[in-house]
Amino acid sequence: MSEGTLYDKVWDRHKVTELPNGQDQLFVGLHLVHEVTSPQAFGMLRERDLDVAYPDRTFATTDHIAPTEADKRERPLADDQAEEMLSALERNVSDSGITFFGFESGKQGITHVVAPELGLSQPGMTVACGDSHTATHGAFGSIGVGIGTSQIRDVLATGCIAADKQKVRRVNVEGELGEGVYAKDVILKVIQDLGVDGGVGHVYEYGGPAIEALDMEGRLAVCNMSIEGGARAGYINPDETTYEYLKGREYVPEGEAFEERKTYWESISSDADAEYDDVVTVDADGLDPLVTWGINPGQVIEISEPVPHPDDFEARTDREAAEQALDHMEIEAGQSMLGYDVDVAFLGTCTNGRLSDFREAARILENHDVDEDVRALAVPGSETVRAQCEAEGIDQTFIEAGFQWRRAGCSMCLAMNDDALEGDEVCASSSNRNFVGRQGSKEGRTVLMSPAMVAAAAVEGEVADARDYLDDGPTGGAGGVEEVAD
Amino acid sequence: MAPDANAGGDQHITEVSGTGVPIPGDDVDTDQILPAQFMKEVTFDNMADYLFYDARRDEDGELNDHPLNRFDGASIAVVNSNFGCGSSREHAPQAMMRWGVDGIVGESYAEIFRDNCKSLGIPAVTADHETVVALQEWIEANPDGHIDIDVEGETVTYGDTVIDVEVDDAMREALVEGIWDTTALMYSNRSKVDETVAGLPYVEGDD
């Protein structure tokens with residue numbers, strides 16, 4: 001049993017009581033709502049004649065079905081089903097007094113991008129959303145969990161979820177990241193090491209020098225993909241990086257109130273002598289950029305490594321999964337992912353749709369054009385991110401390189417809008433899941449990578465090493481990144 | 001009308017039974033179980049039609065020999081490890097339930113998927129790899145064979161075979177005692193919630 005960790009402290013502060021089934025009733029301090037998983041829950045509330053218990057702690061936006069082409073966002077939406085979902089959300093939030101960030105607000109975007117940038121996500125909170133990537137908010141030192149629709153009903157009606165306390169695994173990430181290696185590479189490495197189901201039953205506390213050195217946007221990317229490693233929640237203890245990020249954001253108190261709040265934030269950090277259920281170390285020193293070669297996020301290699309052979313895996317399940325992956329990806333064991341043909345480049349999502357992601361990709365796109373055979377989409381994670389990019393002129397870099405510059409939404413991460421792969425297209429993607437069919441075509445193939453790697457793939461029309469386009473790049477991709485630029 | 005916080009979740013689920021359907025494969029994600037394109041509906045009513053939509057069809061869109069096409073009418077799904085990983089979409093177990101699945105035997109489940117099953121009153125029990133594979137093979141050989149999941153006793157019976165299975169404590173307690181509707185359970189604790197909220201500086205600060 002863990003003791004003295006942030007998880008223990010936040011849990012205790014939010015625990016209402018123990019339920020007769022043995023679970024704890026946990027208050028949810030921030031409930032994020034989107035159009036796809038909530039209408040059924042609001043419907044259940046109406047059936048039972050129940051009101052939303054804490055509308056002030058509930059915030060909504062639209063992301064999954066949001067069209068990302070400006071002219072397609074006019075109402076009613078051309079897609080009748082999407083229009084119905086969006087209209088239902090608008091009715092539900094209006095009836096319940098829930099703040100809604102719609103298209104016209106200028107703040108619409110992916111829930112896990114919007115809530116952090118507005119300062120809604122803060123240390124020491126419990127956060128729930130009907131979306132598995134809710135772990136993202138753990139980057140601030142909160143407990144964020146993805147929930148199903150019946151649990152959304154629970155939160156709407158009672159402000160609470162019924163939950164089992166999990167084990168806490170400390171994940172120490174050692175080393176220093178080289179130029180062109182990012183938070184995305186770190187979390188892919190963690191998943192490679194610990195497995196796609198290694199985190200089941202656990203919460204991950206990420207720490208160590210490689211994590212502490214990350215800015216908030218990098219930390220958000222790490223925590224975001226906890227669920228890809230099987231951990232429903234993952235978090236990072238808050239520090240000065242966290243507090244500096246929060247200062248001045250819309251929903252963060254100012255002045256003396258900020259300092260008071262900070263006292264709480266500091267109080268919930270894991271104690272120096274906290275006890276963990278287990279501690280693992282991941283070595284990120286000298287890490288090369290990672291790319292997936294298969295059909296789950298754990299099937300990933302450093303770009304300098306060959307695609308593994310199924311026999312390389314000890315576990316039967318991993319061998320079988322590797323066979324399926326090679327078959328689906330139409331790739332041979334032993335070959336390099338460098339040069340793997342790419343049809344689509346997709347930059348965005350709740351993992352990598354933030355300002356720093358677009359900045360890094362833009363560094364590569366300066367003075368380079370997208371390969372003529374590549375369809376390239378840049379989809380800011382929120383309208384706020386889009387505005388920031390446009391203020392910096394980054395949008396022009398993308399447009400001049402040959403990217404389509406879009407409006408905010410989940411887009412091709414799961415293809416619930418018009419942005420989808422066709423046939424067996426290969427997508428170099430900054431998203432989080434390479435599952436078969438995930439990007440809208442069951443023959444489609446996804447290669448997960450960092451935003452910089454997506455930009456490099458867009459330019460070359462094949463998987464490439466982004467470091468070749470950056471200053472102080474690698475010396476032949478042999479893994480020897482010597483210099484750490486800022 | 002007074003609010004009715006408990007609508008159906010007070011049913012005691014001590015055992016479920018019926019014929020089986022094997023759904024083999026590890027790490028079967030919820031995108032496979034219910035592809036995202038079919039989530040654009042504001043109710044769960046039609047979800048059964050979309051269950052494993054892509055996997056059940058060949059390139060021409062015709063139904064193939066996927067187990068769900070061969071074992072129509074089954075009530076017990078038998079799955080392998082990390083079933084239901086990925087997206088939190090309750091659409092996945094909703095689709096299984098509406099297709100006819102009343103209970104699941106598997107090697108392991110992703111957490112959110114298992115939670116969703118509990119919310120819906122679907123027992124999701126576990127056994128080791130060999131045991132699960134043996135049951136999957138038995139179903140292939142005995143498509144009309146009867147399978148019984150005893151949630152309370154933590155056993156599964158098929159043919160002449162009785163196997164021990166594990167049921168997560170909270171799930172067993174909730175289903176057997178008829179307290180799996182957590183909205184109802186928690187709604188009755190409203191005054192206690194107010195006390196908890198009063199101790200949270202960030203909620204107070206926003207008022």
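Tutor: Let's settle one term: two residues are in contact when they have heavy atoms within 4.5 Å of each other. Keep in mind, too, that this is a predicted model.

Student: What is Cys350(A) in contact with, leaving aside its neighbours within four places in sequence?

Tutor: By that cut-off, Cys350(A) is in contact with Ile110(A), His112(A), Val113(A), His133(A), Asn224(A) and Asn432(A). Cys350(A) itself lies in helix H12 of chain A, residues 349–352.

Student: Why is Cys350(A) called buried?

Tutor: Buried means under 20% relative accessible area. Cys350(A) has a relative accessible area of 7%, so it counts as buried.

Student: And what makes Cys410(A) buried?

Tutor: Its relative accessible area is 8%, which is under the 20% cut-off, so Cys410(A) is buried. This cysteine sits in the loop between strand S17 (404–405) and strand S18 (426–429) of chain A. Not counting residues up to four places away in sequence, Cys410(A) touches Asp63(A), His64(A), Ile110(A) and Phe346(A).

Student: Which residues does UniProt give the feature "binding site"?

Tutor: The unreviewed UniProt entry places that feature at Cys350(A), Cys410(A) and Cys413(A). Treat the label with some care, since such annotations may be inferred rather than shown by experiment.

Student: How do you know that they cluster in space?

Tutor: They are spread over 64 residues of sequence, yet the largest C-alpha distance is 9.1 Å. Cys350(A), Cys410(A) and Cys413(A) also belong to the lining of the largest cavity.

Student: Why does Glu174(A) count as partly exposed?

Tutor: Partly exposed runs between the buried cut-off of 20% and the exposed cut-off of 50%. Glu174(A) has 32% relative accessibility, so it falls in that range. The residue is in strand S9 of chain A, residues 167–174. Leaving aside neighbours within four places in sequence, its contacts include Pro209(A), Thr281(A) and Asp283(A).

Student: Which residues of the largest nonpolar core touch the most other members?

Tutor: Met337(A), Phe398(A) and Ile104(B), out of 222 residues in that core. The largest share, eight residues, comes from helix H16 of chain A, residues 451–460. Apart from this core lies another of eight residues, among them Phe346(A), Met412(A), Cys413(A) and Leu421(A). As a general point, nonpolar side chains tend to be buried together in soluble globular proteins.

Student: What does Met337(A) touch, not counting residues up to four places away in sequence?

Tutor: Its contacts include Val291(A), Trp293(A), Ile303(A) and Val463(A).

Student: Over in chain B, how do you know that S1(B) and strand S6 pair?

Tutor: Pairing takes at least two bridges between the strands. Four bridges join S1(B) to strand S6 (residues 147–150) of chain B, so they pair, and they run antiparallel. One example is Ser17(B), whose bridge partner in S6(B) is Asp148(B).

Student: What makes S1 and S8 of chain B edge strands?

Tutor: They belong to an open sheet of four strands in the order S1-S6-S7-S8 of chain B, with antiparallel pairing. Strand S1 (15–18) and strand S8 (161–164) each pair on one side only. Direction ignored, neighbouring strands here are turned by 15° against each other on average.

Student: Which helix packs on the sheet?

Tutor: Helix H5 of chain B, residues 129–141, touches S6, S7 and S8 of chain B, and its direction makes about 30° with that of S7(B).

Student: How many residues does chain B have, and what percentage count as buried?

Tutor: Chain B has 207 residues, and 59% of them count as buried. Its secondary structure comes to nine helices and eight strands.

How values were computed:
Residues numbered from 1 in each chain as written. Chains lettered and ligands numbered in written order. Predicted model: local features only at pLDDT ≥ 70, side-chain atom pairs only at ≥ 80, totals over all residues. Heavy atoms only, no water. Core = buried A, V, L, I, M, F, W, Y, C linked by side-chain atoms within 4.5 Å. Buried < 20%, exposed > 50% of the residue type's maximum accessible area, 1.4 Å probe, protein only. Helix = DSSP H or I, 4+ residues; strand = E, 2+ residues; numbered from the N terminus. 1 Å grid on protein atoms, 1.4 Å probe; cavity = no way out; pocket = protein on both sides within 12 Å on 5 of 7 lines; lining within 4 Å. Axes fitted to C-alpha atoms, helices over the stretch in contact; angles between N-to-C directions.
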